[in-house]
Structure formats: structure tokens, C-alpha cells
Amino acid sequence: MTMRLHRRLWAGLLLGAATFTTANADEFHRGLEAFNKEDYDTALAVWEPLAESGDLNAMYNVGLIYDEGLGLEADKEAALSWYLPPAEAGDVSAQFNVAMIYDFGDGVPEDNKKAIYWYSEAAKQADELAQFNLAVMYATGQGFDVDMDKSVHWYKMSDDLGHAPAQYNLAYLYDTGEFVEEDNQLAMELYMKAANQGDSDAQFAVALLYDEGDGFIEDDVAAIEWYERAAEQGHVRAQFNLAIMHDVGEGIPEDNLAAVKWYTAAANQGHEGAQLNLGVMYEHGEGVDVDAEQAMKWYRMAADQGSRDAQYAVALMFDEGVGVTEDNVAAVAWYTRAAEQGDPQAQNNLGAMYDAGEGTPMNDKEAVRWYSLAANQGNTIAQNNLGAMYYSGEGIRASRTEAYKWFLIAGELGNEDAMDNQELAAEGMKRSELKKARKLAAIWLEEFAEH
């Protein structure tokens, strides 16, 4: 969960000749009628002369047309020049829009100090959007040093007016204890206020608090309800978490069909974990028919994003010719990517490819290197393979002591092949060599258990 710091909302309010006295009300309303019919050329033609004569309502509306590029190319500089007179006269919408233009520097030089000034003027008039943006600027130190006291003050002011993004950001501060004393109860209260207004980030945050029981009694049923609300709005992390709960049956009966539905929704938005899990569902036929090609499709998408588990899965499918034509060269390439990220299974299999010369020239030293990396992570197949390399002296200096050590370690961790190899390696070893090997294995196993 992250704090939203740059949610800048546009006022975009059209003045209807109510804020200031309009000298020519009939003409002004003729422009308003044209505007409402989306006849912006006529509206501008009517309002611009009024604006030039000093009509503040017309000035604002002309500024809005230039600002949003209605019927013409957007011109922020022109918009600013028209907004400034009504802003200086106290119109809150004009003040907010002037602040926005200076804030983003779109078409005019960015000027955070002027943005802060105009947000402040609008904020003093209880404009919740200006209060929120002012809080954001104090929180991020735009135009001055970070001042979280002022930021929290303006978030609270905006919250009092019911502004959901302010409620979310304020909740996040209390949730994480950043700059304020952590208060999960108050965080939940604020998240809930925003969530009940339909804010999907807040809905996700509420669900996560119930899911993890952070400061509350864990409530999977409530978590699912709020994940669903956020997921239905397209919140990708909510979709993924909801899929997980259906997948493992957390708080609800296991439902692979629902899991596939929500994994798919999140995967189509590019969620790496959802793509990986969807690949698993297709590979094993959980909630869908077994479909190796679909599994490969989703694994590949996650792998391209850097998922080491997906990279291993892609490599394995190329290695075994599942869902694709067997391709040892591609398998080596994908094993390498996963192995370089520390995946022990990929490291072992990559070692085996170098050992056998499959998809790459035979290279015993590379085989030993990858077996060693996997073995030290507790992969028993790699431990057995490494023991065999020490036993035969392939890619490394032969050592019965090291061979026995690795066979013993793998056997202690349950590898039956290593148990058999341990007996073979022991033949002809001196008692002192066996004692040393057993001591080295015991030290390794103790350190491994601690981690």
C-alpha cells in the first residue's frame, strides 16, 4: 500500500453569472446556452468581448475554454491571463485553476511558490481540492522544505469536507506511523470514510487491514468483501489478493474458477504475480482445462517482467518440450536468467545442462559453479550432483571428503540417491577422512538450519 502524493484534481467549473455581477446578463446566458450545446466557438465569440470589457464571470469562462482546449488548441498562458482577474477578486475556482497551471507548468513556467499562494487562497475558502493539493505540496517539499505538520493540517481540513483522497492519504500516515504516531484504529476509520465513497485504494487498504489483522482481529470475510469492491473497480492488487483467497480457500471455500477469473483480470493489467499464478492454473488444470500453450503464454509474460519463478517455468517447458517444441538453447537462456536471480532449481538445472552439454557446449567447471550455488541454498539434487563432481573430479579437483560431505548433507535432507552415493563414497576412505567429512557436513547443516 502506498501513499498517493500527486493526485491533482481539476475544478473545471463553469460560472453561470452568479459569482460576480454581469453587465450584460442576456448576452452572457447566450454564451452559456452555446457552451452547454458544446458550441464552443459561439460561446467564446460571445464571452470574449464581455471579458475584454471587464466581466469577471466571462473572464473565468474564457479562461476555462482556453485551459481545456474546448473547440481550439489548449493555451495555458491565455487561460492564466483570463483566470487571474477573477482569482484576485476572490473567486475560489479561478484561484484553484491558477494554482494548477503554476503547479504543473504546462504552457507556462512552473512556479511552486505561486502555486502554493493560490492553493492557499482557495484553501482558506474551504476548497477541499485546494486543501488536498496544498497538503501534497507540503508533504513533498515542492517550493519549500517538507512540513508534515502543515501537510497533516490541510489533509484534516480536506477530510472534514469529505474529500476521499485526503482521507486516504491521512489514513496512510496513521497506518504506517510516518510523521505521526501510528494509530491503526484511526487509520481504519479514515480508510473506511474514503472507501464508503467508492475510493478503490481505500477499499483495498481496508481489506488489507482485515486480511492481515494489523491492529484488528483478522477477518477474512470482511477482507473478501472489501477486496471485491476494489477489484470490481479494476484495482489490480485487490484482484490479485482476491484471486489468492479463492485459490487457497482463505475465508471462503476454495474456488478455482473464481481464482482464475480474478487472476485473469489482474494478469491482463500486467500484474506479474497474477500472470505467474495463471500459468500454474493452466499448466495443472485448476479451474480451467489443462492448456500448456496458455500456461506458456502467461509464464512468458511474467518472465519478461523479471519473475524468476516464471523464468524457471519457461525454461522447464522448453527443456521438456511442454507447450512448445523442445529447445535446449532456449532452456539454457531462461535457466540462466532465473539462476542469476538466485533460483536454486534453475541453478541446478543449468548446471546439469553444462554437465551434459545440452543447449550449450559441455563445461564441467560451469556445471560445478551452478551446482555449488544451488547446493548452498539447500537444493538436494544439486548437492548430490556436486558430490558426484567431487567424487569423479570433473570440473574440480577430486575429493572423497567433499564428495562424502555433500552426499551426507543431501541424504540428511532426504535425498535417497545421495544416501546410496554416500555409501559408495565411503568405500576406501580413511577413518580420519570420514570424520572430517561428517564434521564439515554437520557444520553446514547447523548453519543452514539457522537460516
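Reader: Is arginine 30 buried, partly exposed or exposed?
Author: Before that, the model is predicted, so local features need pLDDT of at least 70 and side-chain atom pairs count only at pLDDT 80 or more, while totals for chains, interfaces and linings use all residues. Residues are numbered from 1 along each chain as its sequence is written, and side-chain values use heavy atoms, with hydrogens and water left out. Buried means under 20% relative accessible area and exposed means over 50%, with partly exposed in between (1.4 Å probe, protein chains only). Arginine 30 has a relative accessible area of 41%, so the word for arginine 30 is partly exposed.

Reader: Which residue does arginine 30 meet in a salt bridge?
Author: A salt bridge needs a side-chain nitrogen of Lys or Arg within 4 Å of a carboxyl oxygen of Asp or Glu. Here the N to O distance is 2.7 Å, and the partner of arginine 30 is glutamate 27.

Reader: How far apart along helix α1 are glutamate 27 and arginine 30?
Author: Helices are DSSP runs (H or I, at least four residues), numbered from the N terminus. Helix α1 covers residues 25-36, and the two sit three residues apart in it, so their separation is about one helical turn.

Reader: What about glutamate 402 and lysine 405: buried or exposed?
Author: Their side chains also pair up in a salt bridge, at 3.2 Å from N to O. They are three residues apart in helix α22 (residues 400-412). As for accessibility, both glutamate 402 and lysine 405 are buried.

Reader: And how many salt bridges are there by this rule?
Author: Another of them joins glutamate 225 to arginine 229, with the closest N and O atoms 2.9 Å apart. That pair lies in helix α12 (residues 220-232), four residues apart. Counting by the rule gives nine.

Reader: How are α2 and α3 set relative to each other: oblique or roughly parallel?
Author: Helix α2 (residues 40-52) packs against helix α3 (residues 56-68) at about 140 degrees, with the axes 8 Å apart. Axes are lines fitted to C-alpha atoms, for helices over the stretch in contact, and angles run from 0 to 180 degrees between N-to-C directions. Under 35 degrees is roughly parallel, over 145 roughly antiparallel, 65 to 115 roughly perpendicular, and the rest oblique. So α2 and α3 are oblique.

Reader: Which residues of α3 make the contact with α2?
Author: Contact means heavy atoms within 4.5 Å. On the α2 side, the residues include Tyr40, Leu44 and Trp47. From α3 come Ala58, Met59, Asn61, Val62, Ile65 and Tyr66.
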